[in-house]
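Here is a short briefing on a predicted model.

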Amino acid sequence: MNRPATMVATLCFAGAVSSYTQSVILLPIVSRLPDYLDTSRDNASWVITATLLVAVIALPTGGRLADLFGKRRVVLTALATLLVGSVICALSDSLAPLLVGRALQGVTLVVIPVGVSLLRDILPAERVPGAIAAMGASLGLGGAVGLPIAAWIPQHLDWHVLFWVSTGLAALALALVSTRIPESPLRTTGTVDVIGTVGLAVGLTALLLVISKGRVWGWTGGVTIGLAITCVVALIAWATYELRCASPLVNLRLAARPVILATNLVSVLIGFTLLGMLLVSPYLMQVPHVPGVTDHGMGQSVVAAGLWVAPAGFAMLAMSPVSARMTTSVGPKATLLIGTAVMGSGYLFVVIWMDEPWQIMTGVTITFAGLGIAYAAMLGLIMASVPVGETAAANGLNSLMRSIGTSTASAVTVTVLAASTVMVGGREFPSREAFERVYLIGVIAAVAGVVLITLIPGRRAAPTVAGRAPAPVTR
């Protein structure tokens, strides 16, 4: 029989692999893809968009399938899909196969939310808060620590090695989960909601395309407006159907409960602040320093910028046991509020001090420390408000909301940085004011999150399921 510590470590490793897979292309090679693939910059951007499109569909669908057919089974399927997608990417020299591989890699984002639900089912009750916090920390650890590694590889080795590393990590995670993790004994009843899945896929795909491509296509362009209309119509029709469906993909009545609704809205803002900081800070450090033109530039290499960001992942990991203790002592609501406030203070720090790499590192580290506190509390609020048989679907929906936040952050960040630029050696770089605006938007998002958290109902009886102890009580 596997020990709880082994099971937690195994699923945390799988979560970190999932997070690393998303970061390997975010910073290190995204600007070089047009040359690698002999294609235009706009076409190359679909390499990122394809992953996001699949992820936003996989998150709610994977959560529901996990509740119906087994959480371990869904985690193994996601890791196997990651393995296949990584091999395809590693063998690709043109756009089409790389898009296929990256789309398959998008499925792996279900590992963390489903893994959290699985840990709740298979661990002793007293180990659950710490396990959830550690699982949440794997999100930041894989991304922040993976960046310098992923940046070093294309500078010294062929860029395909990035994906061979992903292949090896996916294979190891798949082997560990298959041998170290038991299946959850809990199942919910129902059937697969095919119509709901298709309807949600259409609506979310249209939404993500508007967010990620609106700037390129033009916010008032025909394609963008057409997609926006499609999104609204599809989601309204989907919601209407889900409310009448006997076995819905997403239990909207449950999702509309004040605790869950407010927490999911906070998740959007947390996703926004997470990616905003991770995306803009390494870029700021790489801006060349030209006196009188780019005084804010620091001239760091891609690898150096990644190394400056890496401590943030360890800070998030260090905060996971703190988050667990806080959740137990003061409740998930207060813990979420504190964590979100800490995230905002990291942004505020950089708004005031953004002249040296160590200052940027400090701000990023503070932000990720806050995320380490907030993430587990956010999941705690969700799982305290849903039946045990629906935790994977609820966590998948929460992760979906966070993904919408990160996608929005990417679009907003690019737009703000492009609005104010200076020329250096024939190349455009964002001005200091542009970076300051991005960081200020992060402060505003965190403040909005704090306000939303204060609106979460204070105390709520947790649902019970036959044969299971009550879920933790929200405070």
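K71 is buried, at a relative accessible area of 1%. D121 joins D67 and K71 in a network of salt bridges.

**Salt bridges around R432**
- D355 and R432 form a salt bridge, 2.9 Å from N to O.
- D355 sits in the loop between α16 (332-352) and α17 (357-383), while R432 belongs to helix α19 (residues 432-454), so this pair ties together parts 77 residues apart in sequence.
- R432 also bridges to E436, with the closest N and O atoms 3.1 Å apart.
- Both R432 and E436 lie in α19, four residues apart, or about one turn of the helix.
- D355 is partly exposed at 40% relative accessibility.
- R432 is partly exposed at 22%, and E436 is partly exposed at 23%.

**Charge totals**
- The count of salt bridges is four.
- The protein carries 27 positive and 18 negative side chains.
- The centres of these two sets are 14 Å apart.

**Overall build**
- The protein contains 19 helices and two strands.
- Its radius of gyration is 21 Å, close to the 23 Å that the globule rule gives for 475 residues, so the protein is as compact as a globular protein of that length.
- The C-alpha atoms fill a box of roughly 70 × 45 × 45 Å along the principal axes.

**Burial, contacts and surface**
- Buried residues account for 57% of the 475.
- Of the contacts between residues at least 6 apart in sequence, 80% join residues at least 24 apart.

How values were computed
Residues numbered from 1 in each chain as written. Heavy atoms only, no water. Rg over C-alpha atoms; globule rule 2.2 N^0.38 Å. Buried < 20%, exposed > 50% of the residue type's maximum accessible area, 1.4 Å probe, protein only. Contact = heavy atoms within 4.5 Å. Lys, Arg positive; Asp, Glu negative; His and termini not counted. Charge placed at Lys NZ, Arg CZ, Asp CG, Glu CD. Salt bridge = Lys/Arg side-chain N within 4 Å of Asp/Glu carboxyl O.
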